[in-house]
Amino acid sequence: MLKDILTPALIFVGLGVLMGALLAVATKVFHVEKNEKAEEIAACLPGANCGGCGYTGCAALAEAIANGEAKVNSCTVGGAEAANKIAAIMGVEAEAAVRMRAEVMCTGNHTNAIKKYKYMGVHDCVAASKLGGGDKVCPNGCIGLGTCAAHCPFGAIVIENGIARVDHKKCRGCGVCVTFCPKNVIKLVPYDKDVWVGCSSVDKGVKIKSYCEVGCIACRICEKNCPAGAITVNDNVARIDYSKCINCGLCAEKCPRKIIETVGRQEKLREEKK
Amino acid sequence: MSNIFLIMFGAILTENFIFSRFYGCCPFLGVSDKPSTALGMGMAVTFVMTLSSAATYAVYYLLLEPFGLEYLKTIAFILVIASLVQFIEMFLKKYIPSLYSALGIYLPLITTNCAVLGAALVNIQDQNSFVESVVFGFSAALGFTMAITVFAGVRAKMQLSDPPKSFRGFPILLIAASLAAMAFSGFSGMKF
């Protein structure tokens with residue numbers, strides 16, 4: 001009776017101890033040196049693995065920073081906060097990292113941009129762009145099927161009425177959407193600048209008017225009114241030089257077609273929808 | 001020799017672990033969303049199942065049977081397989097880092113996956129010899145890999161389809177899995 005209980009108990013204790021000893025020895029024998037700095041740095045990074053820094057993920061960037069291959073402010077998502085923490089670990093001064101955010105340089109939605117055909121294919125901008133450059137007549141317009149939104153690691157992009165919109169509160173400026181947009185209408189702008197041009201079309205004004213109500217007609221009113229000389233009209237579309245922009249918002253007010261967007265106007269739109 | 005082939009054929013097709021025995025349904029539904037992850041999971045399962053078949057054979061016939069402890073085989077196998085996976089993980093990390101990063105998270109995930117434990121128990125039930133056990137473990141895992149990879153392909157197709165709202169997500173997944181299992185039941189007529 002006692003033997004029936006004791007034998008299995010002893011055998012299992014023996015088996016357990018044996019396995020435990022084996023694993024204990026294995027941890028010593030198979031010990032792998034880890035870069036402690038890399039682990040500390042990885043803890044400071046956001047951990048979204050967005051790939052905005054050019055490395056495969058946060059762990060890869062942490063290793064690169066620890067080995068001195070990447071700068072401490074390489075993570076645009078973590079911004080200055082992460083850069084400072086990492087700089088403290090690495091024992092160097094952090095250069096100021098400019099926080100960026102993505103903006104869609106197109107405002108032609110279902111109602112104000114004309115389409116050349118009805119797209120019924122795979123729900124993906126890249127697929128649609130292969131079919132004659134997308135369904136919009138405008139060769140540079142947002143296709144609006146949300147490939148950017150699908151790839152955004154922070155859920156900051158929404159499709160409203162056939163056009164991608166960036167929620168500037170959620171956007172961390174990783175730039176993943178920029179790489180996925182087949183029409184290159186998403187650009188990174190400095191986070192603290194309010195204005196951006198909501199058009200990318202390089203067609204002439206007359207032609208743009210025929211297919212889009214919100215296309216830049218290159219009237220140069222913004223260029224003339226900008227007190228800082230930050231806006232230039234090249235290739236029939238206005239472009240803002242953010243190093244000169246003083247954030248006055250005059251261009252958005254003066255634009256006759258209201259295509260220079262501001263963060264304030266976007267927020268108003270969003271609130272009206274609610 | 002023909003016995004070995006029979007075991008392989010049976011484990012891969014007629015008695016497929018997922019579609020016929022319904023072992024390992026959790027990873028089958030959990031990590032089959034992309035063919036690449038499904039293949040990674042399948043590779044890890046193949047690796048562990050082959051080795052654990054050998055290890056549990058030794059434990060059963062060298063330790064449990066002589067002492068008449070056959071009734072404790074389940075718990076003994078769990079103990080042995082779990083330690084074995086931990087050991088393999090450390091070994092790979094040190095000597096084959098490329099394989100370690102390829103198997104990655106899947107290795108600890110399947111520590112005591114029911115398919116791995118199931119293979120060990122079926123081996124005892126069928127009274128397989130050592131070679132037969134290892135072959136059975138390997139080919140059952142191959143069957144698992146095939147099933148999960150095929151199903152990942154089905155899921156990729158499903159993402160492009162437009163099922164009724166009440167079927168979206170998990171329900172349609174289970175329906176697709178049941179259809180695949182039904183298709184595999186066609187092999188069960190091929191008993192030798």
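Trainee: Is Asp162(B) buried or exposed?
Mentor: Asp162(B) is exposed, with a relative accessible area of 66%. Keep in mind that this is a predicted model.

Trainee: Which residue does Asp162(B) form a salt bridge with?
Mentor: Its partner is Arg168(B). The closest N and O atoms are 3.4 Å apart.

Trainee: And how accessible is Arg168(B)?
Mentor: Arg168(B) is partly exposed, at a relative accessible area of 45%.

Trainee: Why would two such side chains pair at all?
Mentor: Side chains of opposite charge can pair when their charged atoms come close.

Trainee: How many salt bridges are there over all chains?
Mentor: The count comes to seven. One of them joins Arg220(A) and Glu223(A), at 3.3 Å from N to O.

Trainee: What about the accessibility of Arg220(A) and Glu223(A)?
Mentor: Arg220(A) is partly exposed, with a relative accessible area of 36%. Glu223(A) also counts as partly exposed, at 28%.

Trainee: Now Glu103(A). Which residue is its salt-bridge partner?
Mentor: Arg101(A). The closest N and O atoms of Glu103(A) and Arg101(A) are 2.6 Å apart.

Trainee: Is Glu103(A) buried or exposed?
Mentor: Glu103(A) is buried, because its relative accessible area is 2% and the cut-off for buried is under 20%. Arg101(A) is buried as well, at 1%.

Trainee: Then what area is buried between chain B and chain A?
Mentor: About 1600 Å². Carbon and sulfur atoms give 89% of that area.

Trainee: Which helices of chain B supply at least two residues each to the side that touches chain A?
Mentor: Helix H3 (35–64) and helix H4 (73–95) of chain B. H4(B) gives the most, with twelve residues.

Trainee: How do the residues on that side of chain B divide?
Mentor: Into 15 nonpolar, two polar and two charged. For the contact as a whole, chain B gives 19 residues and chain A gives 18.

Trainee: Give me a residue of chain A that is in contact with chain B.
Mentor: Take Val32(A). Leaving aside its neighbours within four places in sequence, Val32(A) is in contact with Lys93(B) and Lys94(B).

Trainee: Where is Val32(A)?
Mentor: In the loop between helix H1 (2–29) and H2 of chain A. Val32(A) counts as partly exposed, at 32% relative accessibility.

Trainee: What follows that loop? Which residues of H2(A) are buried?
Mentor: H2(A) spans residues 36–44, and its buried residues are Ala38(A), Ile41(A) and Cys44(A). They lie on the same side of H2(A), because they cover an arc of only 115 degrees around the axis.

Trainee: Which residues are exposed on the other side of H2(A)?
Mentor: Glu36(A) and Ala43(A).

Trainee: What covers the buried residues of H2(A)?
Mentor: The cover includes helix H3 (58–66) and helix H4 (79–90) of chain A.

Trainee: Which residues of H3(A) are buried?
Mentor: Cys58(A), Leu61(A), Ala62(A), Ala64(A), Ile65(A) and Ala66(A). What covers them includes H2 and H4 of chain A.

Trainee: What comes after H3(A)?
Mentor: Gly68(A) follows H3(A), and its phi is positive, near 80 degrees.

Trainee: Zoom out. How many helices and strands are in chain A?
Mentor: Eleven helices and eight strands. Of the 274 residues in chain A, 44% are buried.

Trainee: What share of the contacts in chain A comes from residues 24 or more positions apart?
Mentor: 59%, taken over contacts with a separation of 6 or more.

Trainee: Last one, Ser32(B). Where is it?
Mentor: Ser32(B) sits in the loop between helix H2 (25–30) and H3 of chain B. Ser32(B) is buried, with a relative accessible area of 0%.

Trainee: What does the side chain of Ser32(B) reach?
Mentor: The backbone oxygen of Phe28(B), at 2.7 Å.

Trainee: And what is Ser32(B) in contact with, leaving aside neighbours within four places in sequence?
Mentor: Pro27(B), Ala38(B), Ile148(B), Phe151(B), Ala152(B) and Arg155(B).

Definitions and conventions:
Residues numbered from 1 in each chain as written. Chains lettered and ligands numbered in written order. Predicted model: local features only at pLDDT ≥ 70, side-chain atom pairs only at ≥ 80, totals over all residues. Heavy atoms only, no water. Contact = heavy atoms within 4.5 Å. Buried area = accessible area lost by both parts, 1.4 Å probe. Helix = DSSP H or I, 4+ residues; strand = E, 2+ residues; numbered from the N terminus. Nonpolar A, V, L, I, M, F, W, Y, C, P; charged D, E, K, R; others polar. Buried < 20%, exposed > 50% of the residue type's maximum accessible area, 1.4 Å probe, protein only. Arc of directions from axis to C-beta. Polar contact = N/O pair within 3.5 Å; in protein donor to acceptor, adjacent residues only side chain to side chain. Salt bridge = Lys/Arg side-chain N within 4 Å of Asp/Glu carboxyl O.
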